[in-house]
Amino acid sequence: MMNSDLKFDKDFFWSQAEPVQGSALKEVRKCMVIIPHPDDESLGCAGLISMLKAQGTQFKFILTTDGSASHRNSLKFSKDSLIAIRKRELLKVLDILGFEKDNLSCFDAQDSAMPAKGEPG
């Protein structure tokens, strides 16, 4: 199945979603955050992460792609410099949230080309 074959069905999603009460979050002891690419919205859940961290929840962050396609037509930044900049930005966010860089694993797949299920890679 190719990524283009996947369609997001908003109505189905919301019919299956279950509301979570704040008190239920007190049960969370471990949390894995999957970050599709190092972009501004990647850690948009920083408030939730901070709340869970304050209660002692352990975290693992996984960055799936390298951020190289964030500014494809940039004349100022090469692909390699974009990769380095985006990773530094993400590490800075994790630092601000109080995490060490060993909480982060990077798969380094090419940005916007993450293999879909069944594809090589």
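Author: Start with a rule: a charge sits over a ring if NZ of Lys or CZ of Arg is within 6 Å of the ring centre and within 35 degrees of the ring normal. Bear in mind that this is a predicted model.

Reader: What makes Lys53 count as sitting over the ring of Phe99?

Author: The charged end of Lys53 is 5.2 Å from the centre of the Phe99 ring. The distance limit is within 6 Å. Lys53 is listed as sitting over that ring.

Reader: Why is the pair of Phe59 and Phe99 called edge-to-face?

Author: Two values decide this. The ring centres are 5.2 Å apart, and the limit for a pair is within 6.5 Å. The planes stand at 70°, and over 60 counts as edge-to-face. So Phe59 and Phe99 are an edge-to-face pair.

Reader: What does the pair of Phe59 and Phe99 tie together?

Author: Phe59 lies in strand β2, and Phe99 lies in the loop between α3 and β3. The pair therefore links parts that are 40 residues apart in sequence.

Reader: Why is Phe59 called buried?

Author: Its relative accessible area is 8%. Buried means under 20%, so Phe59 qualifies. Phe99 also counts as buried, at 8% relative accessibility.

Reader: Which residues have the most contacts inside the largest nonpolar core?

Author: Ile49, Phe59, Phe61 and Phe99 have the most contacts there. That core has 13 residues. β1 (30-35), α2 (46-54), β2 (58-65) and α3 (79-96) each supply at least two of its residues. The largest share, three residues, comes from β2.

Reader: Why is β2 described as largely enclosed?

Author: Six of the eight residues of β2 are buried, so the rest of the structure largely encloses it. For the protein chain of 121 residues, 26% count as buried.

Reader: How do you know that β1 and β2 pair, and in what sense?

Author: Count the bridges. Pairing needs at least two. β1 and β2 share six bridges, in the parallel sense. Met32 stands opposite Lys60 in β2. Ile35 stands opposite Leu63 in β2.

Reader: How many bridges join β2 and β3?

Author: Four, and the sense is parallel. β3 covers residues 104-109. Leu63 stands opposite Cys106 in β3.

Reader: What makes β1 and β3 the edges of the sheet?

Author: The three strands form an open sheet in the order β1-β2-β3, with parallel pairing. β1 and β3 each have a single partner strand, so one side of each is left without a neighbour in the sheet. On average, neighbouring strands are turned by 15° against each other, direction ignored.

Reader: What pattern does the protein chain follow along the sequence?

Author: The pattern reads α-β-α-β-α-β. The chain comes to three helices and three strands.

Reader: Why is Ser112 called exposed?

Author: Its relative accessible area is 55%. Exposed means over 50%, so Ser112 is exposed. Ser112 is found in the segment after β3. Ser112 and Pro36 are 76 residues apart in sequence and 9.2 Å apart in space, C-alpha to C-alpha.

Conventions:
Residues numbered from 1 in each chain as written. Predicted model: local features only at pLDDT ≥ 70, side-chain atom pairs only at ≥ 80, totals over all residues. Heavy atoms only, no water. Core = buried A, V, L, I, M, F, W, Y, C linked by side-chain atoms within 4.5 Å. Buried < 20%, exposed > 50% of the residue type's maximum accessible area, 1.4 Å probe, protein only. Phe/Tyr/Trp six-rings, centres within 6.5 Å; stacked < 30°, edge-to-face > 60°. Axes fitted to C-alpha atoms, helices over the stretch in contact; angles between N-to-C directions.
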